[in-house]
Amino acid sequence: FDDPKAREAVSKAIDYDQIMTNLVKDSAVRSKSSTVPENMPGSAEGELQAVPFDLEGAKAALAASKSPEGFTVTLTVDSESTLRVAEATAIQEMLQ
């Protein structure tokens, strides 16, 4: 993922709200792309916005990327976790 436009395409093509609503439910909260929790010094969590699902924006970002025809990526998941497998499957379907 060395191409920012490819990363943008992937992030916009994943419907995180659908994953949260249908799979994760109340067992997690949606991140705003910060690894530093809001209650720790140096956190930018309060200043960030979650990436919205935007399929047309994803297509435009992919078209502007170094791989406008698409690319192959491997998503490794803990197969012992049925939730993680379900999340990975949903992401795989969204990125096709």
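Guide: One term before we start: helices here are DSSP runs of at least four residues, numbered from the N terminus. Also, this is a predicted model.

Visitor: Okay. Where does Lys 66 sit, then?
Guide: Lys 66 is in the loop between H3 and H4.

Visitor: Is Lys 66 buried or exposed, and why?
Guide: Exposed, because its relative accessible area is 65% and the cut-off for exposed is over 50%.

Visitor: What about Asp 3, where is that?
Guide: Asp 3 comes in the segment before helix H1, which covers 4-13.

Visitor: Which side chain of opposite charge is nearest to Asp 3?
Guide: That's Lys 66, at 5.4 Å. Asp 3 is buried and has no salt bridge; a salt bridge would need the nitrogen within 4 Å of a carboxyl oxygen.

Visitor: So what does the Asp 3 side chain reach?
Guide: The backbone nitrogen of Lys 5, at 3.0 Å. Leaving out residues up to four places away in sequence, Asp 3 touches Ser 65, Lys 66 and Ser 67.

Visitor: Switching topic: which residues make up the nonpolar patch on the surface?
Guide: Phe 1, Phe 71 and Val 73, with about 300 Å² of accessible area together.

Visitor: Where's Val 73, and why does Val 73 count as partly exposed?
Guide: Val 73 belongs to the loop between helix H3 (55-63) and helix H4 (82-94). Its relative accessibility is 47%, so Val 73 counts as partly exposed.

Visitor: Last one: how far apart are the C-alpha atoms of Lys 66 and Met 40?
Guide: They are separated by 37 Å, with the two residues 26 apart along the chain.

Technical notes:
Residues are numbered from 1 along each chain as its sequence is written. This is a predicted model: local features need pLDDT of at least 70, side-chain atom pairs count only at pLDDT 80 or more; totals for chains, interfaces and linings use all residues. Side-chain values use heavy atoms; hydrogens and water are left out. Patches are made of residues with over 30% relative accessible area and no salt bridge: like charges are joined within 9 Å, nonpolar side chains (Val, Leu, Ile, Met, Phe, Trp, Tyr) within 5 Å. Accessible areas come from the Shrake-Rupley method with a 1.4 Å probe; for residues, only the protein chains shown count as cover. Helices (H or I, at least four residues) and strands (E, at least two) are DSSP runs, numbered from the N terminus. Buried means under 20% relative accessible area, exposed over 50%, partly exposed in between (1.4 Å probe, protein chains only). Lys and Arg count as positive and Asp and Glu as negative; His and the chain ends are not counted. A polar contact is a pair of N or O atoms within 3.5 Å; within protein, one must be able to donate a hydrogen and the other to accept it, and residues adjacent in sequence count only if both atoms are side-chain atoms. Contact means heavy atoms within 4.5 Å.
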